Amino acid sequence: MGSASARIATAAVHLVTAAAILLMLARGGEAVSLWLPPPTAGGGGFLGGADRYLTREEHWMNQTLDHFNPTVSTDHRQFKQRYYEFLDYYRAPNGPIFLYICGESTCNGIGNNYLAVVAKKFGAALVSPEHRYYGKSSPFNSLTTENLQFLSSKQALFDLAVFRQYYQETLNAKYNRSGANSSWFVFGGSYAGALSAWFRLKFPHLTCGSLASSGVVLAVYNFTDFDKQIGISAGPECKAALQEITGLVDGQLQSGRNSVKELFGATKLENDGDFLYLLADAAAIAFQYGNPDVLCSPLAEAKKNGTDLVETFASYVKDYYIGKFGASVASYDQQYLKNTTPAESSYRLWWYQVCSEVAYFQVAPKNDSVRSPKIDTRYHLDLCRNVFGEGVYPDVFMTNLYYGGTGIAGSKIVFANGSQDPWRHASKQKSSDELPSYLIECKNCGHCSDLSGCPQAPSNIEGDSSKCSPPEALNKVRKEIVDHIDLWLSECQEQGHDKEPWLGSRWSIAAI
């Protein structure tokens, strides 16, 4: 591992130099917003059952804390990074290796989603490293703002490069192969989808290609398109009901009637902005994860029967979003976000990445917004300052300058987005030969539909598409994705990867 780490660290020096030059040329601002992941197993009741994971057996490696210091520097600190491997489908020793990137949450294992189906067809090994700082891969016992300075997408990409080299050597030793170079393919969803695309962009020699599922490669400062998409996905009647609820709640708060917070089980949220953000997220999640009827049907029924809309929405928030989905009211409290204990800091970690690098500020549009107009740029900037102190600011201009945003100049990256997902407006939606992009158009196709199936929460075994409306919309895109994987892996093989050909000129996979 040491030798691989040294090689990667040396390469990092050159990238840092280039970044420094760019930094002198321009400064600016633009950003991206907080993605709320589905609850982990044990939270809320959505997930659970051994069949939802291919494996939960932990493995560990030593990872470099700061890849951007030369090896001659005084900083040689390392931390333990957790990862998982699943070899049941692996056609040893020449099968490809699929690297699934865990993103901005605890990584509890390798999920049994559609990637499992693809890995089985290609005879691939599956490996999945946990993102630095999250879960059990925390370098520090206290996550103060100072200690968070090594939490960034750039550091995470070098973690992946080091891990890729480390695991290749580990697998070679396991099968007594010296210097073999397997065909690797990288996968990720949401922020991890962006990492997947950026990994292929920055390390094209280390992967045959990448799948960026709902990959948010564009940092956005004021992400008004998020709220606009919620209104489109909701449809006219449901959107109008949600806007009416927002107006009523805003009115009660302005008149000093905080009893409305009690109605939602959120009295601990003293900051009105935090409370309103909870309500905005609760509404958005229905469309983001393919469950529109769970929210819109009771609201339509309430309008029809003349029952209280706010009370109806409050029941949805408490029973579904907090109860079944497993959202935490406390995680919206800025005081809670100041907690520096690793076990309690997963939301703090993502907010740090939001506040320091990508933003995605989910602000209300000036007109026709679904969420409260109080959720504005100032709310987000105040949160960043309150939680992390002065000097933490998302320089979106530099993030997009470094990676390219939707103008990413990579190759062999396939993008996939669900038509109802508000995050698709931070992804690459324009297709090209080298960077194909697909929109999965169906009523309940939301975030990472290509991997998760429908709905996207709760999770579906092997990414079952049968509940998509219609299933053909997803199945058609999946076929295109598999064809790209097949082609790009075969091109890797022709270039000398897997030096002992065993599948002919193309990867002989069964129809998926």
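Student: In this predicted model, over the ring of which residue does the charged end of lysine 174 sit?

Tutor: A charge counts as sitting over a ring if NZ of Lys is within 6 Å of the ring centre and within 35 degrees of the ring normal. The charged end of lysine 174 lies 5.9 Å from the centre of the ring in question, which belongs to tyrosine 175.

Student: How far from the ring centre of tyrosine 402 is the charged end of lysine 154?

Tutor: The charged end of lysine 154 sits over the ring of tyrosine 402. Its distance from the centre of that ring is 4.7 Å.

Student: Is the aromatic pair of phenylalanine 140 and phenylalanine 150 stacked or edge-to-face?

Tutor: Planes under 30 degrees apart count as stacked, and those over 60 as edge-to-face. For phenylalanine 140 and phenylalanine 150 the centres are 6.5 Å apart and the angle between the planes is 20 degrees, so the pair is stacked.

Student: Is phenylalanine 150 buried or exposed?

Tutor: Buried means under 20% relative accessible area. Phenylalanine 140, with 14%, is buried. The relative accessibility of phenylalanine 150 is 7%, so this residue too is buried.

Student: What is the geometry of the pair formed by tyrosine 360 and tryptophan 423?

Tutor: The ring centres of tyrosine 360 and tryptophan 423 are 5.3 Å apart. Their planes stand at 90 degrees, so the pair is edge-to-face.

Student: How many residues apart are tyrosine 360 and tryptophan 423?

Tutor: Tyrosine 360 belongs to strand E10. Tryptophan 423 is in the loop between strand E11 and strand E12. The pair thus links distant parts of the chain, and the separation is 63 residues.

Terms used:
Residues are numbered from 1 along each chain as its sequence is written. This is a predicted model: local features need pLDDT of at least 70, side-chain atom pairs count only at pLDDT 80 or more; totals for chains, interfaces and linings use all residues. Side-chain values use heavy atoms; hydrogens and water are left out. Rings of Phe, Tyr and Trp (its six-membered ring) pair if their centres lie within 6.5 Å; planes under 30 degrees apart count as stacked, over 60 as edge-to-face and the rest as tilted. Buried means under 20% relative accessible area, exposed over 50%, partly exposed in between (1.4 Å probe, protein chains only). Helices (H or I, at least four residues) and strands (E, at least two) are DSSP runs, numbered from the N terminus.
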